[in-house]
Amino acid sequence: MSGPAVVTGAARGIGRAIAHKLAADGFDVVAVDRDPKVEEVAAELGGGARAVVCDLTEPGGRRLVVEAAPRAAALVNNAGITRDALVTKMTEDDFGAVIRVNLRAAFELTAELAPTMTDRGAIVSMSSRAYLGNIGQYNYSMSKGALVGMTRALAQELAPRLRVNAVAPGLVATDMAMAMPAKVRDKLVGRVPLGRMAEPGEIAELVAFLVSPAASYITGQVVVACGGRSVAP
Amino acid sequence: MTARAHVHAPPGCGWLVPALRDAGLGSGEPEDGLIFAQRSEGLTSFDDVEAEMTESFRLTRRAASAGAPALYVVCIADLLGQRGSLAAMLANGLLSAARSMALEGRRDGRIANALGHDPDPRPEEVASWALLLLEGRGVTGGFVAVGAGHLAKVVP
Ligand SMILES: NC(=O)c1ccc[n+]([C@@H]2O[C@H](COP(=O)([O-])OP(=O)(O)OC[C@H]3O[C@@H](n4cnc5c(N)ncnc54)[C@H](O)[C@@H]3O)[C@@H](O)[C@H]2O)c1
């Protein structure tokens with residue numbers, strides 16, 4: 001591959017799976033997370049992989065990422081958090097925290113890194129099926145819808161040099177999904193036609209496709225990978 | 001008919017308030033009903049986007065707590081990302097908010113909808129659809145495009 005691939009939120013879950021897949025595809029992965037465990041992930045990847053431990057909501061943290069990934073070929077904005085509550089019970093702190101991590105950090109990092117990326121590079125942002133609406137997620141759903149908007153705008157602004165897409169997974173078997181009460185999770189899985197959560201590796205395959213030359217005519221799109229939940233009753 | 005609502009009409013949406021008044025909407029508090037229009041002018045940094053999103057959250061929480069309906073008014077060009085990332089993030093974030101609010105309100109009959117318009121809308125047409133969507137008439141989580149900017153595009 002012609003340059004490094006930056007993967008945020010790579011210490012665990014979907015980000016870790018993406019880092020592994022992109023490394024297997026030949027990228028030198030720059031694995032970013034505020035959790036120092038990301039160093040172990042970079043060690044697992046071997047080759048030219050390296051870790052950057054930083055909080056992406058901090059300008060200084062994002063600067064470390066830009067410095068670590070000169071002429072990047074791919075950027076995967078994957079880091080994210082949830083702070084769920086019905087809107088009537090949601091606090092302003094919970095609203096702001098989700099907007100700042102899921103959206104502001106991704107937007108600012110993209111603005112800072114994109115000018116330095118190689119021609120024919122690709123950006124993928126991790127939205128969520130929740131962008132189509134979810135109970136108890138005014139903050140999260142708004143952040144993930146906004147990432148779709150960012151994707152559509154940047155696809156037009158950065159073309160033809162870079163392609164920009166988004167992925168919207170349904171439930172994925174990671175710590176984030178496991179943090180839900182089991183009863184709620186089981187009910188949600190019950191509405192998935194494929195009858196199960198996604199494995200992180202399945203989402204990683206989709207991201208790897210979108211950053212690869214195989215997706216060379218795809219930009220400005222959001223691909224929903226939800227096991228069919230977004231069309232089921 | 002919800003005759004009163006609080007209207008959030010930031011820069012770029014000055015045409016909306018008189019059009020809604022002419023269509024018969026009285027001024028009110030979010031607890032009566034909420035019409036939240038997307039800011040489309042003067043967005044210069046993410047701070048501006050976050051400020052509007054936070055305001056949407058505060059007003060929506062007040063409306064929802066009182067069981068009042070909410071309508072989010074966005075520009076279709078911004079849903080499609082045709083006028084820059086800042087407006088695109090705001091427009092699409094508000095559309096997702098409308099859908100989430102419709103889901104949360106479903107059990108107790110509280111409605112939320114979204115309305116999209118072109119960059120040069122006919123205010124009276126937007127206003128008359130806005131009143132219908134605020135009232136609901138069986139529509140919740142709906143998106144109505146007033147104009148033609150959505151034709152053959154991926155919106156919503
Ligand atoms: N798990 C799901 O069901 C699911 C579904 C749809 C979308 N997603 C999205 O996929 C992405 C990954 O989700 P996951 O399930 O792997 O989550 P996860 O909680 O397992 O991992 C998220 C990672 O992001 C990191 N992170 C959070 N805030 C950060 C910050 N400020 N700076 C740096 N790193 C930060 C965390 O340390 C963590 O390692 C998220 O954006 C999430 O919203 C998840």
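Biologist: What covers the buried residues of helix 1 of chain B?
Modeller: This is a predicted model. In it, the cover includes strand 1 (4-8), strand 3 (34-37) and helix 5 (123-135) of chain B.

Biologist: And which residues of helix 1 of chain B are buried?
Modeller: Helix 1 of chain B runs over residues 16-23, and its buried residues are B:Leu16, B:Ala19 and B:Leu20. They span an arc of only 100° around the axis, so they lie on the same side of the helix.

Biologist: What about the other side of helix 1 of chain B, which residues are exposed there?
Modeller: B:Arg21 and B:Asp22 are exposed on that side.

Biologist: What follows helix 1 of chain B?
Modeller: B:Gly24 does, and its phi is positive, near 115°.

Biologist: Changing topic to chain A. At what angle do helix 1 and helix 2 of chain A pack?
Modeller: The angle is about 25°, and the axes are 10 Å apart. Helix 1 of chain A covers residues 13-24, and helix 2 of chain A covers residues 38-45. Angles under 35 degrees count as roughly parallel, which is why helix 1 of chain A is called roughly parallel to helix 2 of chain A.

Biologist: Is that crossing right-handed or left-handed?
Modeller: The crossing of helix 1 and helix 2 of chain A is right-handed.

Biologist: Which residues make the contact?
Modeller: Helix 1 of chain A contributes A:Arg16, A:Ala19, A:His20 and A:Ala23. From helix 2 of chain A come A:Val41, A:Glu44 and A:Leu45.

Biologist: How many of them are nonpolar, polar and charged?
Modeller: By class, this contact has 4 nonpolar, 1 polar and 2 charged residues.

Technical notes:
Residues numbered from 1 in each chain as written. Chains lettered and ligands numbered in written order. Predicted model: local features only at pLDDT ≥ 70, side-chain atom pairs only at ≥ 80, totals over all residues. Heavy atoms only, no water. Axes fitted to C-alpha atoms, helices over the stretch in contact; angles between N-to-C directions. Helix = DSSP H or I, 4+ residues; strand = E, 2+ residues; numbered from the N terminus. Parallel < 35°, antiparallel > 145°, perpendicular 65-115°, else oblique. Left-handed = near helix turned anticlockwise from the far one by under 90°. Contact = heavy atoms within 4.5 Å. Nonpolar A, V, L, I, M, F, W, Y, C, P; charged D, E, K, R; others polar. Buried < 20%, exposed > 50% of the residue type's maximum accessible area, 1.4 Å probe, protein only. Arc of directions from axis to C-beta.
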